[in-house]
Each structure stands twice: as C-alpha cells, then as structure tokens.
Amino acid sequence: MVRGAYHFANTYESTGAVQASYFVTHGGTWSNDGQTLPPMLDIEYDPYTSSDGTNSCYGLSQPAMVAWITKFSNTVLSLTGTLPAIYTTTNWWNLCTGGNRSFASNSLLVAYWVDNLSTGAGQLPATWNTYSLWQYADSGVFLGDQDLVQR
C-alpha cells in the first residue's frame, strides 16, 4: 500500500459537496493501481456535541444525513472517478441513517472493537454484506489502529 487519505465528516459545519471538494483538493489524487486506498469518508458519532450543541448525528435527521453522505460520495466520485469508502460503526449507521441501504457500491471500513478476533466483525450496517477493512482495536502490536483486510 502506498498511501490513503480520509476525511472526518462534520456535517454540522457544511454540506457534503463542500467538504468533498475540500477533501479532494487537499487530499491528493487517487489511482486504481492496486496500491492506493480509495478516498475515505469517516462518518461516526459527533465528538463535538458539547461545543456544537447537536447530538450524535450532528443534529441531522436520518433523511438529511443520507442526503449529506450521498452528496459527499457523488462529489468525490465526480472529482476523482472513485467512490469513497465509508468508515463507520453499525450502531451509528442505524441511528443516524436509519439503516439506509443505498451505499452498497461504496466499500465499508467497519469499526467494531473486540477482545477476541474469533467473535468476528459483528453485524454490519444494512447496506453491506461484507467489509473491506475491519478496525478491531485502537491499539496493539502495530502503531495506531489494528485492522484486518477482508480477503
């Protein structure tokens, strides 16, 4: 793997199209070379609820969140020719998108931390039947996150 870039979504700040455009402009270019990860949208619980006064879903309704993700995804696709992968948790996806099923073409990078890898990645968000990458811990033998690639 040569490189990869991700965008931590803050749907409270601006539209999906605005954030996707900024991400692509500042995140470099992508190539389908088998070594470069696709652009990635990191969309999960709002860590700024105490300062932005919203909730876990950045104050958006489920339809509004789906629309935001759709705009982000379509803008990245139009600018790079590549659909962004989506990094999320099943619980967040169900809470904030209502278990929306319209992103099956986007790769899934699922976060589901476990004590024992044999328990697996758990129930995946409704859109996906499998994951491309599973983040199973935030620390361990490797620097940073601990991940498994779906083979």
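1. A disulfide is here a pair of cysteine sulfur atoms within 2.5 Å. The model is a predicted one, and a search of the whole structure finds 1 disulfide. The bond joins Cys 57 to Cys 96, with an S to S distance of 1.9 Å. The link of Cys 57 and Cys 96 is left-handed, with -80° about the S-S bond.

2. Which parts of the chain does this pair tie together? Cys 57 lies in the loop between helix 2 (49–52) and helix 3, whereas Cys 96 lies in helix 4, so the link connects parts that are 39 residues apart in sequence.

3. The axes of helix 3 (residues 62–80) and helix 4 (residues 90–97) come within 7 Å of each other and cross at roughly 115°. Helix 3 is therefore roughly perpendicular to helix 4, given that angles of 65 to 115 degrees are placed in that class.

4. On the helix 3 side of this contact stand Gln 62, Met 65, Val 66 and Ile 69. They meet Trp 92, Trp 93, Asn 94, Leu 95, Cys 96 and Thr 97 of helix 4. By class, the residues of the contact of helix 3 with helix 4 comprise 7 nonpolar, 3 polar and no charged.

5. Helix 1 passes helix 3 in a right-handed crossing. From helix 1 the contact draws on Gly 16, Ala 17, Gln 19, Ala 20, Ser 21, Phe 23 and Val 24. From helix 3 it draws on Trp 68, Lys 71, Phe 72, Thr 75, Val 76, Leu 79 and Thr 80. The contact of helix 1 with helix 3 divides into 8 nonpolar, 5 polar and 1 charged residues.

6. Asn 129 lies in the loop between strand 4 (108–111) and strand 5 (133–137). Is Asn 129 buried or exposed? With a relative accessible area of 79%, Asn 129 counts as exposed, because the class begins over 50%. Asn 129 and Leu 108 are separated by 21 residues in sequence and by 9.4 Å in space, C-alpha to C-alpha.

Definitions and conventions. Residues numbered from 1 in each chain as written. Predicted model: local features only at pLDDT ≥ 70, side-chain atom pairs only at ≥ 80, totals over all residues. Heavy atoms only, no water. Axes fitted to C-alpha atoms, helices over the stretch in contact; angles between N-to-C directions. Helix = DSSP H or I, 4+ residues; strand = E, 2+ residues; numbered from the N terminus. Parallel < 35°, antiparallel > 145°, perpendicular 65-115°, else oblique. Contact = heavy atoms within 4.5 Å. Nonpolar A, V, L, I, M, F, W, Y, C, P; charged D, E, K, R; others polar. Left-handed = near helix turned anticlockwise from the far one by under 90°. Buried < 20%, exposed > 50% of the residue type's maximum accessible area, 1.4 Å probe, protein only.
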